[in-house]
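Okay, thanks for having me. Let's have the model up on the screen, and then I'll walk you through it.

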Amino acid sequence: MTDHPTGATEPADDAGSVLADRTVLIAGATSASGRVLARALVDAGATVIAVGSDQGRIDALVAEIPGVVGERADLTDGDDVLELAMRVHAGVGDVDGVIHLVGGWRGGGGIPGQTEEDYRVLERSFTALRYVSRVFWDDLLASPAGRIAIVSSTTVERPTAGGANYTAVKAAAESWMRSLTQGFAKAESPAAAVTFRVQALAGLEARLAASVVDLWRADAAELNGRVETLSA
Ligand SMILES: NC(=O)c1ccc[n+]([C@@H]2O[C@H](COP(=O)([O-])OP(=O)(O)OC[C@H]3O[C@@H](n4cnc5c(N)ncnc54)[C@H](OP(=O)(O)O)[C@@H]3O)[C@@H](O)[C@H]2O)c1
């Protein structure tokens with residue numbers, strides 16, 4: 001595979017090489033979508049680092065998909081994230097991709113039902129995004145094909161009263177991604193920040209995984225700042 005200054009990669013001869021020499025960290029890897037994504041990335045030739053907060057679920061994922069590097073970290077804890085980055089850099093090296101899947105849902109009850117407790121739970125997803133993108137920022141900038149992606153929600157375009165907390169946090173995450181977009185462009189780095197939106201992930205796991213792998217088949221300049229809605 002040949003790298004271009006734009007961050008594009010040559011079309012792969014086969015599906016097993018598009019991510020050869022690339023290391024991708026999945027932040028929140030043990031859900032159904034994370035496991036399907038980990039498998040797709042491994043099949044595409046990537047070194048995959050799967051991160052979650054529960055050691056048992058990480059161990060199960062590593063047993064299910066040989067070759068995956070499992071890492072336990074609470075991605076909402078700044079010290080934990082720093083220690084994770086040190087272990088990754090010492091053990092595997094710099095990463096070329098960060099796919100952020102830490103999410104969660106709380107809602108209902110109209111506007112009066114948008115409780116502080118629910119907001120604090122939802123906000124953890126945004127906190128984790130901020131931590132992982134900061135700690136791996138230099139890796140992404142320096143990579144010949146740095147990529148970072150999140151899965152947001154179609155409700156950002158059509159917020160509801162009952163989902164106000166959830167959608168506000170997703171909108172904040174999308175704003176953060178636009179900041180990363182500007183940062184990559186300003187640095188003239190062949191890196192890209194991409195937001196996927198879904199209404200619901202169930203049934204779309206393989207579609208999401210294929211779209212993530214495709215991030216390494218496209219030019220960074222075309223990808224950087226893209227917001228793409230995935231549907232069945
Ligand atoms: N599911 C949907 O229908 C839907 C709809 C729209 C958008 N999305 C978004 O799509 C993404 C993926 O959703 P999902 O439903 O597959 O996953 P999810 O249930 O939101 O969680 C994804 C992963 O995050 C991990 N995680 C949670 N807290 C963590 C922490 N503090 N530190 C490290 N890892 C943590 C979980 O594993 P552990 O608990 O083992 O740590 C899990 O593997 C999310 O951003 C979600 O908001 C989902």
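One term before anything else: a residue is buried if 20 or more other C-beta atoms lie within 10 Å of its own, exposed if 12 or fewer, and partly exposed in between, with the C-beta atoms placed from the backbone. Also, what you see is a predicted model: local features need a pLDDT of at least 70, side-chain atom pairs count only at pLDDT 80 or more, and totals for chains, interfaces and linings use all residues. Residues are numbered from 1 along each chain as its sequence is written.

So, how confident is the predictor? That's pLDDT, the predictor's confidence in each residue, from 0 to 100. The protein chain averages 94, and 93% of the residues score at least 70. Over residues 1–7, though, the pLDDT is below 50, and that stretch has 22 contacts in the model beyond near neighbours in sequence. By contact I mean two residues whose C-beta atoms, placed from the backbone, lie within 7 Å. Residues 9–13 also stay under 50, with 12 contacts beyond four places in sequence. Where pLDDT is low, the predicted coordinates should not be read in detail.

Now the sheet. When I say helix or strand, I mean a DSSP run, numbered from the N terminus: H or I with at least four residues for helices, E with at least two for strands. Strands pair if DSSP finds at least two bridges between them. Seven strands make an open sheet with parallel pairing, and the order is E3-E2-E1-E4-E5-E6-E7. At the edges, pairing on one side only, are strand E3 (69–72) and strand E7 (227–229). On average, neighbouring strands are turned by 20 degrees against each other, direction ignored. For angles, axes are lines fitted to C-alpha atoms, for helices over the stretch in contact, and the values run from 0 to 180 degrees between N-to-C directions.

Let's zoom in on E1, residues 23–27. Strand E1 pairs with strand E2 (residues 47–52) in the parallel sense over five bridges, and Leu25 stands opposite Ile49 in E2. Which residues of E1 sit on which side? Thr23, Leu25 and Ala27 are on one side, Val24 and Ile26 on the other, and all are buried. In a regular strand the side chains alternate between the two faces of the sheet.

What lies over these strands? Helix H1 (residues 32–43) lies across E1, E2 and strand E4 (97–100), and runs at about 165 degrees to E2. Helix H3 (residues 78–91) packs on the sheet too, touching E1, E2 and E3, with its direction at about 155 degrees to that of E3.

On to the core. A nonpolar core here is a set of buried Ala, Val, Leu, Ile, Met, Phe, Trp, Tyr and Cys residues joined through C-beta atoms within 7 Å. The largest one has 66 residues, and Ile26 and Ala27 touch the most other members. Helix H4 (residues 116–135) gives the most to this core, seven residues. Ile26, setting aside neighbours within four places in sequence, has contacts that include Leu37, Val48, Ile99 and Leu101.

Tyr131 is in helix H4, and it counts as buried because it has 25 C-beta neighbours inside 10 Å. Beyond four places in sequence, Tyr131 contacts Leu75, Gly78 and Val81. Leu75 is 56 residues away along the chain, yet the two C-alpha atoms are separated by 7.2 Å. Gly78 is part of helix H3 and counts as partly exposed, with 14 C-beta neighbours inside 10 Å.

Next, helix H7, residues 205–214: the buried ones are Leu208, Ala209, Val212 and Val213. Looking down the axis of H7, they fall within an arc of 135 degrees, so they line one face of the helix; the arc is that of the directions from the helix axis to the C-beta atoms. They pack against H1, E4, strand E5 (146–153) and strand E6 (191–198).

Most residues other than glycine have a negative phi, and most peptide bonds are trans. Asp21, in the segment before E1, has a positive phi, near 70 degrees. Glu188, in the loop between helix H6 (164–186) and E6, has a phi near 55 degrees. Asp21 is partly exposed, with 14 other C-beta atoms within 10 Å, while Glu188 is exposed, with 9.
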